Amino acid sequence: MTLLRARQLTKRFGGHAAVDRLDLSIEAGEIRCLIGPNGAGKSTALALLAGSLSPSAGAIYFDGSEISNVAAHDRAKRGISIKFQLPSVFPELSVRQNLKIALSRRYLGSELDDRIDETLDLVELSDQRGKLARVLSHGQKQWLEFGLAISLKPRLLLLDEPTAGMTPEETERTGELVLRLNRSGVTVVAVEHDMQFVRQIARTVSVLHLGTVFSEGRLNDVLANEDVKKIYFGEAPRHG
Amino acid sequence: MRSVLRLLEGDQTIGRGLPFWGLMSLLFAGALAFGVTAGSFAVENCSYFLVWVFMALGLAFMWGLGGTMSFGQTAFFGIGGYCYAILSTNWGVESGLTMAAALLSLAAVALSAAVLGYFVFFGGINGVLVSITTLAVTLGLETFLSQTAGPKWAIGRAELGGFNGISSMPPLTVPWHGDNVEITGRSLYFGLIIFVAITYLALRILANSKVGDAMVAVRESPLRAEALGYDVKAILFVGFVVGSVLAGLSGLLYAGWGQYISPDTMGLSAAALPIIWVAVSGKDLTATMVGTVVLLGLSQALAIYGSQYALVSLALILVVSIMGCPKGVFETLLRRIDSIGGPGDQNSKPVRKSSLDRSEVLL
């Protein structure tokens, strides 16, 4: 079953099309990585899917319904959650308060406390619960951001460079967490540069170039593609 | 009911546990005792201080909690005061009509705040532009009302009076056994004390509820708040209307207290005052409530005893206070007391291991 579909999705900034007639189809239960060189439109595409940006043209369908003009907060309520590229945690609140604000939409009282503890445990921040989010290390902020994103129990989790700034060990643990989430039924779309991470989590990758899908398939097949190799070095043929 | 009362304490308010509530009870009892024992001038003077507390609490709510710094508090103060003055002048005091005038004035404030808030927040204005827009509205209203001198500027029997404003409207009254009892002097003071306490407690509950969580989320990161499913514009709008209605409440109580309202209550200096009270006190509700009364008392004492140096002395005290305690004098003080008192907040509690498997719970 197709959970998410983008049809001819376009985002222009002035005369520049950051995302240009993008067609993308994600099956329920899938882990899809979007890869491509810098400026390919990956993060913009993710922001369009999450509703942080509104499209200039084209349409987005989630679970059969068009959501192109649905506000970001309503998309979140429908089950789309995003982890941003730069951590967007609540800096002046403690780690626990960050999670409380995210989880209090669904839980109350002692159940809320339980869920906060479970999430802290899951993202390995139990020892940091009283610290202000702004004093956390970059990697810890990334994990807290992860905690915020998964607190909504999303059906579709959008990850924008989830391992940026993480150590190899943290990256591997993030991969394990993503796989565990996926096994529980969460569909994942991740923008990522770290091929080790991509190899760990994804069966299918989409290569974006000039704002549209350039190539799609298994990671090894895609990376073996001579045209894909060229776009990483800026030699690919331009779309008409 | 118990779950509501539990919200009196929480992450969004300072103060928890017996020591804090004991201190607040003492403060409340002391204020009541003052009303019984002090002279009538001192009591009326304190009523004047209390009148402004609602406006300051409203600003602490929308600014401290939601991050919206509004210069419009005095505009809504003026709307509340003028509406009460016009309605009560026309209707008189019979059959509790002053109370009806007060309620209608609040409704007018809520409506005007909703209209302004709608265009501001749903029109995409945010950050410092909200402050500039609300300041423009305040000054525009002051300018307009200042030129309403003469008989042509009258609504029924109420002449708007230009710079002089409206005076001699009736005070608040309540019908009692066929008579109308004026709420002035000590009765006004006791009424205000109880009303301030109720407003303070209600705001604490609101701040620690889901509404408060949403406002804090929007203040800290609108992008993340939206991604968590919070409707940022609607939340900013609600905070603005609640804060503005409290400013309007101050306005109508001021008109009822002094039976006078004029455009200078909406001038630039007047618009800056609530911001100074909240900034110097700290944006917490308790700090603002206590700090506003203390700062008003200090300002008045300096005006009486400080001759021509009063304003300079006050400015100096405010600057030193803000430099010494950037988070507010009273908030800093309260946090110190809180760290000695309460049972400790949940930020530092030991990790409880749930019987449920963590992946089972979350995934």
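Predicted model: local features only at pLDDT ≥ 70, side-chain atom pairs only at ≥ 80, totals over all residues.
Student: How many salt bridges and polar contacts link the two chains?

Tutor: The rule finds 4 salt bridges across the interface of chain A and chain B. For polar contacts, the count is 13 residue pairs, with both residues at pLDDT 80 or more.

Student: Which residues of chain A form salt bridges with B:Asp11?

Tutor: One of them is A:Arg96, whose closest N and O atoms to B:Asp11 are 2.8 Å apart. This pair crosses from helix H3 of chain A to the loop between helix H1 (2-6) and helix H2 (17-37) of chain B. The side chain of A:Lys100 also meets that of B:Asp11 in a salt bridge, at 3.5 Å from N to O. Over all chains, a search of the whole structure finds 15 salt bridges.

Student: Turning to the sheets, what is the strand order of the open sheet of 4 strands in chain A, and is its pairing parallel or antiparallel?

Tutor: Strands of a sheet pair through backbone hydrogen bonds, either parallel or antiparallel. Here the order is E2-E1-E4-E5, and the pairing is antiparallel. Strand E2 (16-27) and strand E5 (65-66) of chain A each have a single partner strand, so each edge strand has one side without a neighbour in the sheet.

Student: Which residues are bridge partners in this sheet?

Tutor: E1(A) and E4(A) pair over 5 bridges in the antiparallel sense, and A:Ala6 has A:Ile60 in E4(A) as its bridge partner. Strand E4 (residues 57-62) is joined to E5(A) by 2 bridges, again antiparallel. There, A:Phe62 stands opposite A:Ser65, and A:Tyr61 is partnered by A:Glu66. E4(A) and E5(A) form a hairpin with 2 residues between them, and A:Asp63 in the turn has a positive phi of about 55 degrees.

Student: What is the strand order of the open sheet of 6 strands, and which strands stand at its edges?

Tutor: Its order in chain A is E6-E7-E8-E3-E9-E10, with mixed pairing. E6 and strand E10 (212-218) of chain A stand at the edges; each has a single partner strand, so one side of each lacks a neighbour in the sheet. From one strand to the next, the twist averages 20 degrees. A parallel case is E6(A) with strand E7 (residues 156-160), joined by 4 bridges; in that pair, A:Ile80 stands opposite A:Leu156 in E7(A).

Student: Which helices lie against the strands of this sheet, and at what angles?

Tutor: H1(A) packs on the sheet, touching strand E3 (31-35), E6, E7, strand E8 (187-191) and strand E9 (204-209) of chain A; the direction of H1(A) makes about 150 degrees with that of E7(A). H6(A) lies across E3, E7 and E8 of chain A and runs at about 135 degrees to E3(A).

Notes:
Residues numbered from 1 in each chain as written. Chains lettered and ligands numbered in written order. Heavy atoms only, no water. Polar contact = N/O pair within 3.5 Å; in protein donor to acceptor, adjacent residues only side chain to side chain. Pairing = 2+ DSSP bridges. Axes fitted to C-alpha atoms, helices over the stretch in contact; angles between N-to-C directions. Contact = heavy atoms within 4.5 Å.
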